[in-house]
Amino acid sequence: MTRQKLRWIYAGLSLALVALFFGGLVYGAVRIPLKDVLQILFRSYEGKEAWQHIVLESRLPQTVTALLAGASLAVSGLMLQTLFKNPLAGPSILGISDGANLGVAIAMIYLGAASYLTTIVAALIGAFVVLLIILGFSRKVSSNVMLLIIGIMVGYLASSVISILNYHASADKVHQYVMWGMGDFSGVSLSKLPWLSGFSLAGIFCSLLLIKPLNALLLGESYATNLGVNVRRARLLILICTGVLTAVVTAFCGPISFIGLAVPHVARLLLGSSNHKHLLPVTLLAGACIAMLCSILTVLPGSGTVLPLSAITPIIGAPVIIYVIVNRKNIHYFN
Amino acid sequence: MKCSVAISTHQLCIGYTGRGFRRVVHPELNLQLYTGEVTALLGSNGAGKSTLLKTLCGLLPALHGDIFIDGKPLAGYRHGELATHVGVVLTERTQTGGISVYDLVSLGRYPHTGFFGTLREEDHAAIRNAMETVGIADKAQRHVSELSDGERQKAFIAKVLAQECPIILLDEPTAFLDVTSRLETMITLRRLAHQEGKAVLLSTHDLDTALQLADKLWLQPACSAEKETADPMVCGTPSTLIENGALARFFSTDAVIFDPVNRRLVARK
């Protein structure tokens with residue numbers, strides 16, 4: 001890979017990031033011209049008060065949430081794919097998002113609490129309980145494949161409890177829970193944004209510190225140990241980092257599928273290399289871009305109807321996975 | 001080149017242990033691996049060649065007994081310290097298809113680089129040097145997935161060279177290779193031992209190449225599982241082991257016999 005190609009990739013993604021960021025502020029049910037958006041953001045604005053409110057209280061937090069959530073989920077997916085030597089691993093596979101779902105289901109259906117804050121706390125608790133279970137098993141089980149299977153099973157157990165709760169719940173509570181389960185970048189208000197930002201930026205920062213051991217893990221655990229990697233500690237750090245990122249994003253935005261699974265593949269195909277030195281930053285950028293794109297696509301053009309996020313992410317993610325699987329013989333990182 | 005002991009073992013018992021089970025692969029090994037020599041470890045499938053190699057480099061705990069690496073007990077090495085003494089080439093599947101040969105070889109610099117793994121000029125020099133030594137430099141920018149089996153093996157040997165360890169252990173480095181690549185790989189390893197004074201230990205099933213190019217042979221006998229006993233490991237130069245009949249005893253079965261004149265296994269007539 002030449003330096004020039006690298007420069008183009010970083011430049012292109014940065015440009016897309018900026019364009020999609022402002023696109024998210026301009027585009028929506030109400031169209032607000034870019035000139036007004038810029039004035040609202042950067043200097044005193046004396047136009048329509050409603051527009052100012054829409055941009056600052058609704059679109060800005062939604063776009064920043066999409067940016068951070070996309071980067072967080074994508075980098076989690078990448079780290080888990082490398083750790084578990086499985087290109088189809090993702091943040092939802094370890095049962096962490098199922099744990100968050102269960103926490104929310106218990107809070108909404110069983111306890112009847114429905115405030116925004118209790119939902120987030122319940123999701124965080126659920127996700128961290130599952131994360132602790134996985135970390136507990138990771139001390140006992142030395143094989144990563146076995147750990148992956150345990151994670152999937154824990155996820156099924158959580159889903160099973162959710163089914164029981166739903167079965168006995170009233171229709172409106174089930175509806176409320178189902179709505180949460182569709183994922184949403186717009187639920188984070190400007191005042192809650194610092195919480196999401198703090199956790200996800202901390203997680204993203206930690207992921208950047210794991211680049212060196214992640215590369216060694218491409219060789220497998222024995223080679224990595226021989227190179228002096230403390231494999232157990234590296235695994236623990238990767239699990240904590242991805243666990244916190246997934247838990248926080250799921251708590252604030254609901255379960256979001258496919259971004260963690262598909263974006264690392266997009267980044268690998270774009271770069272033509274699995275070297276995390278560039279793969280990890282490119283995954284972060286691509287994740288942020290794709291999530292912001294999904295966020296924009298939830299607003300149907302013309303009518304202003306808003307679609308659930310869970311209807312959009314598979315439309316972008318599933319074709320990527322199908323493409324990768326069909327072409328796996330010609331894709332270097334599969335061989 | 002003057003040879004010294006790189007690895008020695010004292011009453012080393014190797015095998016596997018877990019909750020309520022224990023399988024001894026060999027109960028007592030007293031071995032000396034020398035620098036400046038290629039030592040070939042021979043033995044039937046299941047004799048425990050891989051187990052021995054993994055125990056010697058600390059990937060698998062010994063059941064009991066002592067291992068000394070460069071004169072110091074294996075247990076005395078801090079985490080990561082061993083990485084600059086013993087390098088390995090294993091048969092494990094890796095996920096390296098998507099990185100370039102250069103990136104693969106650069107992973108060998110892991111113990112020498114800092115927290116972020118940034119390569120300095122001396123690291124780049126070691127990587128280029130390792131690739132040139134094994135003859136893979138022209139493929140530096142290719143993806144590992146594009147290499148043939150023989151080239152891939154060379155790339156992994158280059159990785160272990162970039163690690164700059166005085167001791168190199170290789171698990172069946174010539175398996176799956178065609179005849180030419182097999183000999184080439186062995187010639188490379190022999191050059192490393194003779195010219196750079198490395199201690200090279202490799203397991204192999206390829207008796208022909210081992211007799212031709214190894215300095216020493218280790219013949220690892222299988223262990224009887226119930227009694228946990230085994231014959232001692234037979235060690236010596238190829239010609240000694242041919243002359244004293246050890247090779248013939250080790251390999252001969254009802255159907256196969258070792259022909260000491262032509263130095264090969266033949267079918268009994």
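This is a predicted model: local features need pLDDT of at least 70, side-chain atom pairs count only at pLDDT 80 or more; totals for chains, interfaces and linings use all residues.
Q: Why do neighbouring residues of a strand fall on two sides?
A: In a regular strand, side chains alternate between the two faces of the sheet.

Q: Which strands pair with S10(B), and in what sense, parallel or antiparallel?
A: Strand S4 of chain B (residues 38–42) runs parallel to S10(B), joined by four bridges. Here Ala40(B) stands opposite Leu217(B). Strand S11 of chain B (residues 234–236) pairs with S10(B) in the antiparallel sense over three bridges. Val234(B) in S11(B) is the bridge partner of Leu219(B).

Q: Which residue forms a salt bridge with Lys216(B)?
A: A salt bridge needs a Lys or Arg side-chain nitrogen within 4 Å of an Asp or Glu carboxyl oxygen. Glu37(B) meets Lys216(B) at 3.0 Å, N to O. Glu37(B) lies in the loop between strands S3 and S4 of chain B and Lys216(B) in strand S10, so the pair ties together parts 179 residues apart in sequence. Glu37(B) counts as buried because its relative accessibility is 12%; for Lys216(B), also buried, the value is 18%.

Q: Is Arg190(B), which bridges to Asp215(B), buried or partly exposed?
A: Arg190(B) is partly exposed, at 27% relative accessibility. The closest N and O atoms of Arg190(B) and Asp215(B) are 3.9 Å apart.

Conventions
Residues are numbered from 1 along each chain as its sequence is written. Chains are lettered from A and ligands numbered from 1 in the order in which they are written. Side-chain values use heavy atoms; hydrogens and water are left out. Two strands pair if DSSP finds at least two bridges between them. Helices (H or I, at least four residues) and strands (E, at least two) are DSSP runs, numbered from the N terminus. Buried means under 20% relative accessible area, exposed over 50%, partly exposed in between (1.4 Å probe, protein chains only).
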